[in-house]
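Let's take a walk through a protein model together. Have a look at the picture first, and then we can go through it piece by piece.

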Amino acid sequence: MREPNRKTKVLTARLLRSWVRCRRKAWLDLHGDETERVWIAHRTLQLDHQQRSFMALLSTSPGRGVEACKKGEYGVVGLRLKGQGPKNNLLEVHPPLLQRVDGSSIWGNFAYKPVLARQGKKLTREHRLALAMTGLLLTKEQQAPVKEGLVVYESFSGLEVQQISLNEKLKKELLISLEKLSNDIRAADPPPLTSDRRKCLLCSWKSLCNAEAKREGHLSEVLGIGTARRKIFQELGIQTIHDLAKSNSSNLGKRLETFGEQHSGIAEQLIAQAKSQITGIEKRLQASEAIPELDSAKGVLIYDIESDTDARKDFLHGFVRINRKVNNQWDLKGAKYQPILSINHDKKSLCWKQIKRKLEFHSDWPILHYGETERLTLSKLAKQEGALEKEINLLLNRMIDVHSRIRSHWLLPINSYGLKAVALWTGFNWSHKGSDGSKALLWWRQWELGMKNNKPNKNKLKLIFQYNKDDCMATWAATKWLLDQEKIKP
Ligand code: SF4
């Protein structure tokens with residue numbers, strides 16, 4: 001870490017948004033070592049979604065800067081607002097969009113209000129405070145009050161628009177937050193890791209913070225310990241994963257009873273998980289075979305879906321086919337990948353027909369997948385396309401959720417049982433280092449845009465297919481690990 005620059009006094013809306021997400025993130029954004037930062041697709045996806053939402057809101061292209069405000073253009077981008085904040089801090093905001101409203105301002109018989117795009121279903125404190133900060137500076141700039149802001153969200157069903165009142169209560173909250181932010185960024189050391197580590201998944205500092213969490217034995221490293229449970233353990237004097245691993249399960253279970261049954265029943269499992277992570281040794285939970293269905297299978301299909309949740313669209317159904325040779329070995333060299341693209345909603349029937357044909361061609365082969373999504377999606381699609389109940393049941397009976405078999409049979413020395421964590425632990429590697437679902441989605445959106453503009457980018461499609469194939473093969477790596485354990489059973 002670098003020594004913080006104590007002279008830093010410019011608080012930007014972007015810094016405030018980082019701070020609302022995680023106090024530590026704001027500190028790292030200013031003082032962290034940039035070489036520790038990883039690129040994540042989330043921000044690019046956000047900007048892409050923002051662009052689409054704004055286009056849906058405006059009927060004409062927005063104007064740029066203060067000149068556009070003077071002309072009274074309906075939408076304005078590229079304005080830079082500055083002002084004085086609490087504790088002599090300078091404030092700076094680059095509003096993503098301003099929308100003209102009725103009123104009177106320094107520019108004429110109209111005024112402006114700030115607009116933000118939200119990604120995801122919920123309006124958050126981050127959006128409210130960012131709007132309030134823009135409103136504060138815009139009030140001074142246009143010399144007219146800004147009573148409300150707008151939050152827009154382009155979804156599969158159209159544009160959602162929410163009016164947000166920028167009232168006194170919100171302004172007060174903004175000033176308190178800016179003061180706290182100012183204190184945090186002046187500290188010599190970064191604030192602690194956020195207690196809700198799910199936020200880390202979409203953060204560019206995740207590599208640095210994951211290493212820190214491991215080093216300090218942060219309780220959130222143990223699967224099943226979120227913000228609330230971590231607080232309970234801390235109250236009981238259990239501060240780290242090492243403290244937890246040393247605990248006595250019946251004693252801890254009793255102490256946890258006062259916090260509710262859901263906590264007491266899980267003590268033994270959490271202690272065992274903590275022990276496994278500290279020792280690096282996996283532990284078998286059930287003597288029975290994890291995937292007996294594969295004993296006599298002539299081959300397997302591995303199935304993985306890529307989705308665009310904002311558009312509520314499963315755009316790619318990927319299958320890998322692996323035959324079993326006469327010597328009972330799995331023919332990995334002959335493994336075949338087949339992607340089935342679902343480009344638009346009208347072609348859903350065609351997509352189902354292709355999937356159905358594929359599944360019927362190997363009607364006695366099990367279908368491996370990782371997590372519930374594939375099973376739910378396939379069953380929904382089959383119902384929508386008029387498949388008979390008997391047909392759907394036959395299909396579902398062939399599906400094997402490798403994730404659930406791992407969870408029921410094994411404790412692994414890792415902090416997540418997601419496909420990525422499990423497959424990496426078995427030694428599997430994705431072709432493109434650092435690729436993930438959000439990058440695949442970004443490639444998909446870029447490919448779609450190219451198609452719309454008659455400039456198809458085949459390379460993006462290749463990247464998506466490779467990623468999807470890798471996900472299928474990662475599912476196989478997890479399966480193979482389970483099969484191998486049967487061979488070395490004592
Ligand atoms: S990775 Fe997590 S703890 Fe670290 S800055 Fe980001 S959100 Fe905060």
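Keep in mind that this is a predicted model. If you want to find the neighbours yourself, look for Cys 22, Arg 24, Lys 25, Leu 28, Leu 193, Thr 194, Cys 200, Cys 203, Trp 205, Lys 206 and Cys 209, which surround the ligand. Sorted by class, the shell has seven nonpolar residues, one polar residue and three charged ones.

Next comes the sheet. Six strands make up an open sheet with mixed pairing, and their order is β2-β3-β6-β7-β8-β9. Which strands stand at the edges? They are β2 (63–64) and β9 (158–165); each has a single partner strand, so one side of each is left without a neighbour in the sheet. Elsewhere in the sheet, β7 (residues 111–117) and β8 (residues 148–155) run parallel and are joined by three bridges.

Now for the helices. Helix α3 (residues 41–57) lies across β6 (97–101), β7, β8 and β9, and runs at about 105 degrees to β8.

Finally, turn to a pair of helices. Two packed helices are described by the angle between their axes and the distance between the axes. For α5 (residues 125–142) and α6 (residues 168–186), the angle is about 95 degrees and the axes are 9 Å apart. The two helices are therefore roughly perpendicular to each other. Where they meet, α5 brings residues including Leu 129 and Met 133, while α6 brings residues including Leu 174 and Leu 178.

Conventions: Residues are numbered from 1 along each chain as its sequence is written. This is a predicted model: local features need pLDDT of at least 70, side-chain atom pairs count only at pLDDT 80 or more; totals for chains, interfaces and linings use all residues. Side-chain values use heavy atoms; hydrogens and water are left out. A residue is near a molecule or strand if one of its heavy atoms lies within 4 Å of it. Ala, Val, Leu, Ile, Met, Phe, Trp, Tyr, Cys and Pro count as nonpolar, Asp, Glu, Lys and Arg as charged, and the others, Gly among them, as polar. Axes are lines fitted to C-alpha atoms, for helices over the stretch in contact, and angles run from 0 to 180 degrees between N-to-C directions. Helices (H or I, at least four residues) and strands (E, at least two) are DSSP runs, numbered from the N terminus. Angles under 35 degrees count as roughly parallel, over 145 as roughly antiparallel, 65 to 115 as roughly perpendicular and the rest as oblique. Contact means heavy atoms within 4.5 Å. Two strands pair if DSSP finds at least two bridges between them.
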